[in-house]
Amino acid sequence: MDWLDEFYHLSSALTDYKVVQLKGTGVGEEYLDVLSTIIPQDILSELFDCYRSLKVQNSSKPKEQLIRDAILCDAKLGPVARNIIKMWYLSIWYQMPDDWRQQFGKPNQGSPKYQDVQFVVSRNAYIQGLVWEALGSHPMGAKQPGYGTWSDKPTDKGSVISTAS
Amino acid sequence: MNTVDEFDVVIVGAGISGAIMAEQLGAKGKRVLVLEAGSGTGDRFWSSGGANSKRDGYESYMDTFFTALAKIPNAPYPDNPNAPQPLVTDLEPITPNQPLTNGYFVQKGPLPFASTYTRAEGGTTLHWLGTCLRMLPEDFHIKTEFGRGLDWPINYHDLEKWYQVAEKNIGVSANADEQNYHQIDNPSVQIPYQDGYDYPMEKIPQSYLDRHMAKGLQGMTVNFDGKTYPIDVVSTPQGRNGMPRGSYRPVGAVGDPDLGQRCAGNSNCVPICPIQAKYNALKTLMQAQKTHHVEIRTQCVAYDLEVDPVTNHISKVHYKQYSDPNSSDHVCKAVRGKVVVLAAHAVENAKLMLASGVGNSSDQVGRNLMDHPTMLTWGLMPSPIGAFRGPGSTSGIPSLRGGDFRKNRAAFRIEIGNWGWSWPEGAPIGTVPDLIDQKNLFGKQLKDTIASVYPRMFRFGFLVEQLPDPNNRVTIDPNYRDQLGNYRPVIDYDVSDYSRAGMAAAKHVSDMIFQRLGVEGYTEYNPSDPGYVTYQGQGYTYNGAGHLVGTHIMGADSKTSVVNREQRSWDHPNLYLVGCGNMPTISTSNPTLTMAALTYWAADNVYKALADM
């Protein structure tokens, strides 16, 4: 089962970035690695199944509402989906909420690479955070836009990293 | 060991003032030793070696920065228990009679001292913003002029030539015909520059926000005590590489000089410029070593100055040398210097003198600790101004730095911040989770919200003057020590009504500007903020500016000051103190440029003194 592909499609729906843009960051595999280390396999599987079934559903409701109904307001899947969004935007894994951990969390076996505590996923992940292009700039400390660019009108193309999809 | 290394000059501290001293004296053939308490990265930009022989370069600080959760000013510089440093995350409100001890500082209050510094080779210039303002002529004698604070034993004209030296060697980008403030209709702030003088590089381009604000505030005035003052947006002089004038060549990164020839807009001056386009003291340390007369020993913490009872000279500097920051294993060593220079930072200089019982016949060592209590106001501009781009600040409003109101309340300089709400709210990293968890946004809505709101974020910083107060002080207490057994600074600190009145006036100016520009205000001061104070029933919050001033002030009288106008200890003929600790008042300029100018002067004094030794 190719979870990476499912992960990109779900992430695309949650972030409104195209799959090709998400793949372009080069950190999707790392995020999935974090996710599948910390979140129990059956829950992840349920999340991906759920999104797959939404895609084929023939509903008159907008897709956004279907995602809210089936995933975001679900006690088990919602917090996982929100963590996926935060990871893409901010490159940080946030500890799962207390009540979720009590109800659904399982202690990691052995000594895995990632623990369910707050951490920056990696140096490269910080640089690839979606928030920077969403706000019309570049990650602070990386992808330097060049001398004097801060003087340009913010909508000038070329002075900022384009968000055009 | 029978022999003790002997040098012409022993300098404690490898920050900017120690580096300037070492470079100036080394260049004139003096044998110089610099002792640095913290670690360093040598002259390497890139890390080298394999897993077992890895030698960290400056780039290793970037790794630490990128993966740090809290991107605070000291985030890139690893925690070193043998040379601990204060962190802004240590701050909390202080309960009366219960010192705050969770960080390096022992804070006795009543208010927390909010500023920090870096204990590593290069010092706090590793994370400074680079602002290089000169002091106003009136700032040197506010006691005479306004009946407040203290007069300096020197004046602006004494220091002017040293300002020029400092501006050249730091590499400051600015235009003299703007920085003399002659365009500002407030004679109190105007600064005389020598005819024909200009900075080594042209001014750094002002941000789109600066220009938007300058346009919106054109012609605006405010009234204080019946007098009218202008509100003028002016580009800020910066120790950051821009377009060179004439034959000047910018100094690039240490270890990879092709980098950092020009600011490239990394928007990360604090906590670390990735390419060293912003000046840091590593550049001056490298120049010092090129003289072949300067040796730098890192991981050597000076802890005692021994005094010759006959001559009153400092005869030896004792230090603890460690090889692993995480182990307290160390060896005690001593060195001699014909001249000893303390350049360890305002707090550390005071601490070392108090620990050694030297230089304190005036009882002023450690006293008169000052900062710029920095009050922020923030909001959303009606249209995108391109937040989170460029150097942290490229302009300010300096037109209220001086005036008769200083008889009644503190002056302030307004800094215009280019990084949205990163300081007041931790945006975007600290604020986006709320959009997802509480505002329940995802997908297009989330993306559109960020795109429409964040580019409109802006903040002011009001750097409010603080007067010298002997009760704001650094002391030591045998009960509080670090891992090596060295003293931790114990700090008593308060913010007087004079400064609080300045904060109130600043808030008033901010409110008027917000009205004029149609800014949607989001400023909030909470009683739970560590720096929360009240004045006439209103609450305000200050933050630390990182401008630690005072602690060994210069003066004309040995009974009321620690050093004379030559920056030599009144008590010990071969002991010089340098750094912001020498400054008797802080006024409204970020202190580094003035401190650097003073240090060039002090280096000249030391050189002349050595001729007679």
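A residue counts as buried when its relative accessible area is under 20%. The model shown in these views is predicted.

**View 1. Helix α2 of chain B has buried residues with cover from chain A.**
Helix α2 of chain B spans residues 59-67. Its buried residues are E59(B), S60(B), Y61(B), M62(B), F65(B) and F66(B). What covers them? Part of the cover comes from chain A, including β2 (119-120) and α8 (123-128). An α-helix has 3.6 residues a turn, so residues three or four places apart point the same way.

**View 2. Chain A contains nine helices and two strands.**
Along the sequence, the elements of chain A follow the pattern α-α-α-α-α-α-β-α-β-α-α. Its C-alpha atoms fill a box of roughly 50 × 45 × 30 Å along the principal axes. The chain has 165 residues, and 52% of them are buried. Its accessible surface comes to about 7,500 Å². Carbon and sulfur atoms hold 48% of that surface. Now take the contacts in chain A between residues at least 6 apart in sequence. Of these, 65% join residues at least 24 apart.

**View 3. Helix α6 of chain A is mostly covered.**
This helix runs over residues 77-90. How many of its 14 residues are buried? The count is 14 of 14. At 1.5 Å a residue, the 14 residues of α6(A) should span 20 Å. The end C-alpha atoms are 20 Å apart, which agrees. Just after the helix comes S91(A), with a positive phi of about 65°.

**View 4. Three strands of chain B form an open sheet.**
The strand order is β3-β16-β15, and the pairing is mixed. Strands β3 (106-110) and β15 (473-475) of chain B stand at the edges. Each has a single partner strand, so one side of each is left without a neighbour in the sheet. From one strand to the next, the twist averages 20°. Strands of a sheet pair through backbone hydrogen bonds, either parallel or antiparallel. Which way do β15(B) and β16(B) run, parallel or antiparallel? These two strands run antiparallel, joined by three bridges. Strand β16 of chain B covers residues 490-493. One bridge pairs T475(B) with V490(B).

**View 5. A salt bridge joins D8(B) to K338(B).**
Side chains of opposite charge can pair when their charged atoms come close. Here the N to O distance is 3.0 Å. The pair links distant parts of the chain, 330 residues apart. D8(B) sits in strand β1 (residues 5-12) of chain B. K338(B) sits in strand β10 (residues 330-342) of chain B. D8(B) has a relative accessible area of 14%, so D8(B) is buried. K338(B) has 35%, so K338(B) is partly exposed.

**View 6. Helix α13 of chain B holds D604(B) and N605(B).**
The helix covers residues 592-610 of chain B. The side chain of D604(B) meets that of K28(B) in a salt bridge, 3.9 Å from N to O. These residues lie 576 residues apart. K28(B) is in the loop between α1 (16-27) and β2 (32-35) of chain B. D604(B) counts as buried, because its relative accessibility is 16%. K28(B), at 38%, counts as partly exposed. Is N605(B) buried or exposed? N605(B) counts as buried, at 9% relative accessibility. Leaving aside neighbours within four places in sequence, N605(B) touches E566(B) and Y576(B).

The closest N and O atoms of R245(B) and D198(B) are 3.3 Å apart. R245(B) is partly exposed at 23% relative accessibility. D198(B) is partly exposed at 30%.

**View 7. Salt bridges in chain B also build a network.**
E138(B), D139(B), R406(B) and E465(B) are joined into one network by salt bridges that share partners. Over all chains, the count comes to 35 salt bridges.

Terms used: Residues numbered from 1 in each chain as written. Chains lettered and ligands numbered in written order. Predicted model: local features only at pLDDT ≥ 70, side-chain atom pairs only at ≥ 80, totals over all residues. Heavy atoms only, no water. Pairing = 2+ DSSP bridges. Helix = DSSP H or I, 4+ residues; strand = E, 2+ residues; numbered from the N terminus. Axes fitted to C-alpha atoms, helices over the stretch in contact; angles between N-to-C directions. Buried < 20%, exposed > 50% of the residue type's maximum accessible area, 1.4 Å probe, protein only. Contact = heavy atoms within 4.5 Å. Salt bridge = Lys/Arg side-chain N within 4 Å of Asp/Glu carboxyl O. Expected span 1.5 Å × (residues − 1). Areas by Shrake-Rupley, 256 points an atom, 1.4 Å probe, with all protein chains shown as cover.
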